[in-house]
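Here are some notes to read beside the model. Please keep the sequence and the structure open as you go.

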Amino acid sequence: MKKIEGFVLLLSLFFVGCGKGPHLVLAKGAGGMSAAHLTYYGNIKSIFIRRCGACHHPGAAIPNWQDYQTAFSLRALIYRKVVVNHTMPLQGSPESIAITPAERALIGDWIQNGAPEGNPSAAPSPMPNPSPTPTPTPTPAPAPGQKPLPPEYSSIGTLLNTECFSCHSNNGNPTSPIFPRLAGQHKSYLIKELGAFRDHQRSDPNAQTFMWSIAKPLSDQQIQLLAQYFSQQPAIANVTPTDAASIKRGKSIFQNGLPSAGVPACESCHGNNAMGNSFAPRLAGQNAGYIANQFAAFDNGQRAEATVMPTFSKNLTGSQVKDVANYLQSL
């Protein structure tokens, strides 16, 4: 039965990744390693912990790849996103967790060979959850240190605890550079963007991976409540270390623009100190990695709901985008 399952999976992987992924040769894996000797516990789990553990960890609302049965059941999805499309790990992930081509190849060879389990005694320790999230329960439980949700949020309590908090933290101030800070964001902007996720107007890889499936079933009332909840959370200072020279350059662009490149001052829309307003989002303290990813999405036409930014974001160089992002993160 396992041989049949492996053959069917191999065929499915071939049609998904033909011409895009690594060649489907099972004799040897990356670095000359025999693919037949690759196992989850002996070779693959350690990669999942190092490269994917910030999100796919025990207790997270999204699948825990540090559990063999979960990884095995999702092996075709993992193959497509990690090996073929390179959409995982997510865009904007820190260099410290950037996956290598050899590791992608190992994962591909392991899956093509039937995704064997191996000896559990060889398993590395699970990666600690950097932003602990509450264990999902039928009745929403408040996150540690958080006051119980007011009654008006009862209809979205489970959603907050099992989906929103796992990425954005229970107070809307996540430390991961991938996810945006939502605390103190303007309610009107959050409503607009949740609607854009629901309607697939935001189509960058991270939006598709996380927000499309979450936003699709949301009612207008739930969107209103989610926006209200996060807009009322207090924004806290972003203490991520940033180069002082980069901040200075970014401040100049934010306040003065780049007239020679056709880039207006950012503060003309986002306001003094990037506090935002009813039509432009608050950017003060936002994670720099997230901001840089949004510039890429503007340039790639992946944010159809945005009407202003794509007209001049392309006029900024990569280093200038980084400087602006660093400045905003420092506020």
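Predicted model: local features only at pLDDT ≥ 70, side-chain atom pairs only at ≥ 80, totals over all residues.

1. A residue counts as buried under 20% relative accessible area, exposed over 50%, and partly exposed in between (1.4 Å probe, protein chains only). With a relative accessible area of 59%, Gly 318 is therefore exposed. Gly 318 lies in helix 14, residues 318-330. Helices (H or I, at least four residues) are DSSP runs, numbered from the N terminus.

2. Residues are numbered from 1 along each chain as its sequence is written, and side-chain values use heavy atoms, leaving out hydrogens and water.

3. Now Ser 246, in helix 10, residues 244-256. Is Ser 246 buried or exposed? Ser 246 is buried, because its relative accessibility is 3%. Leaving aside residues up to four places away in sequence, Ser 246 touches Lys 322, Asp 323 and Asn 326. Contact means heavy atoms within 4.5 Å.

4. How do helix 10 and helix 14 lie? Their axes, lines fitted to C-alpha atoms over the stretch in contact, with angles from 0 to 180 degrees between N-to-C directions, come within 7 Å and cross at roughly 95°. Helix 10 and helix 14 are therefore roughly perpendicular, a term for angles of 65 to 115 degrees.

5. Residues of helix 10 in this contact include Ile 247, Arg 249 and Phe 254; those of helix 14 include Val 324, Tyr 327 and Leu 328.

Notes
Helix = DSSP H or I, 4+ residues; strand = E, 2+ residues; numbered from the N terminus. Parallel < 35°, antiparallel > 145°, perpendicular 65-115°, else oblique.
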